[in-house]
Amino acid sequence: MGGTMTELRTEVGKTVLELPGMVASGIMDETGASMVRMLRAGAGAVVTKSIGLVPKPGHDNPCFTEVKGGFINAMGLPNPGIELFKAEMDEAVPHGKIVGSVFGANAGEFAELAGKMEDYGACAVELNLSCPHAKGYGMEIGIDPELVKDIVSAVKDAVSIPVWAKLTPNTHMLDRIGLAVQDGGGDAIVAINTLKAMVISPEFARPFLSNRFGGLSGPAVRAVGVRDVYDLYETVSIPLIGVGGISDWRDAAQYIMAGARAFQVGSAVAKDGPEIFGKINRGLKEFMMDYGYGSIESMVGVAHE
Ligand SMILES: Cc1cc2nc3c(=O)[nH]c(=O)nc-3n(C[C@H](O)[C@H](O)[C@H](O)COP(=O)(O)O)c2cc1C
């Protein structure tokens with residue numbers, strides 16, 4: 001079935017992406033220059049590092065380690081605060097689509113941060129409701145369906161750009177949380193953030209990371225992420241974005257076939273560099289031509305049929 005015109009363009013609700021792969025939040029997206037580099041390498045958009053209201057130093061070292069099949073990090077959401085981050089947005093936004101990731105302790109903080117991201121030129125805002133290693137933030141609020149609905153609807157009232165909610169796999173209620181995002185008016189769900197995890201050093205008889213536990217990412221989490229996207233596709237009707245363990249076109253295709261309209265790459269960008277986007281795009285295009293998929297849209301959710 002070769003020869004078909006193959007389109008990598010995709011739509012996540014009102015957000016049009018010329019290429020379906022984005023840089024996941026927290027990986028080479030802290031400066032305007034690095035975000036521009038990602039866009040040039042073939043990312044359809046870049047999600048910024050999660051930004052809060054005030055500067056935050058993050059956790060002490062060691063806060064990152066490699067494990068078999070992936071990484072465990074407990075960065076603790078280090079960031080310069082939203083005011084200082086404006087300079088990075090000013091540099092990156094003219095070069096392509098930048099999604100502003102934000103984290104807050106309550107609905108009011110999320111709404112304020114999202115409003116700033118809109119003012120700074122973000123094409124969408126991604127709510128980090130899922131970081132597993134920052135006390136009082138992220139996953140601690142992202143596993144309560146009522147709170148999730150309140151946060152999403154407060155942000156929807158505050159901005160006119162699309163609102164995406166990034167969810168944690170560390171829950172037995174992902175379906176209820178997905179529905180809460182939808183009920184709150186959310187435009188898309190991003191799944192998954194890292195899995196809560198730990199490494200112990202046998203020599204020191206202590207957890208390796210200063211924070212003791214962290215979040216597992218990379219190939220080890222992919223099958224969990226694909227299953228979460230598959231489940232969410234059967235539960236909600238808003239668009240899905242897949243993330244977790246993608247390092248080649250086959251991984252990306254799995255998420256799309258599970259129901260994702262776009263995908264994000266984190267750990268593999270850190271490991272292999274931005275060129276990974278060109279490789280994934282070429283591989284996907286070839287596969288789509290060989291198997292008769294004329295568009296990303298035509299591949300979304302086919303594993304359910
Ligand atoms: C070093 C590091 C920092 C991260 N920082 C953030 C962050 O600030 N906000 C967020 O929502 N996710 C963050 N993540 C999670 C990633 O965006 C992604 O959801 C996760 O790593 C799974 O994708 P991957 O296997 O492709 O890395 C971080 C991940 C890593 C490895």
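This is a predicted model: local features need pLDDT of at least 70, side-chain atom pairs count only at pLDDT 80 or more; totals for chains, interfaces and linings use all residues.

Me: OK, which residues are buried in helix α1?
Reply: In α1, residues 32–40, the buried ones are G32, M35, M38 and L39. Looking down the axis of α1, they fall within an arc of 120°, so they line one face of the helix.

Me: Why would residues three or four places apart point the same way?
Reply: Because an α-helix has 3.6 residues a turn.

Me: And what covers the buried residues of α1?
Reply: The cover includes strands β3 (21–23), β4 (45–47) and β7 (98–102), plus helix α2 (82–92). On the face turned away from the buried side you get A33 and R40, which are exposed.

Me: What follows α1?
Reply: G42, with a positive phi near 115°.

Me: Switching to the ligand. How many residues surround it, and which are the closest?
Reply: 27 residues surround the ligand, and A24, G26, S217, G266 and S267 are the closest. The elements giving two or more residues to that shell are β6 (70–73) and α9 (267–272).

Me: Last one: how do α3 and α5 cross?
Reply: The axes of α3 (107–119) and α5 (145–158) come within 8 Å and cross at roughly 35°. The contact includes F110 and A114 of α3, and I151 and V155 of α5.

How values were computed
Residues are numbered from 1 along each chain as its sequence is written. A residue is near a molecule or strand if its C-beta atom, placed from the backbone, lies within 6 Å of it. Helices (H or I, at least four residues) and strands (E, at least two) are DSSP runs, numbered from the N terminus. A residue is buried if 20 or more other C-beta atoms lie within 10 Å of its own, exposed if 12 or fewer, and partly exposed in between; C-beta atoms are placed from the backbone. The arc is that of the directions from the helix axis to the C-beta atoms. Two residues are in contact if their C-beta atoms, placed from the backbone, lie within 7 Å. Axes are lines fitted to C-alpha atoms, for helices over the stretch in contact, and angles run from 0 to 180 degrees between N-to-C directions.
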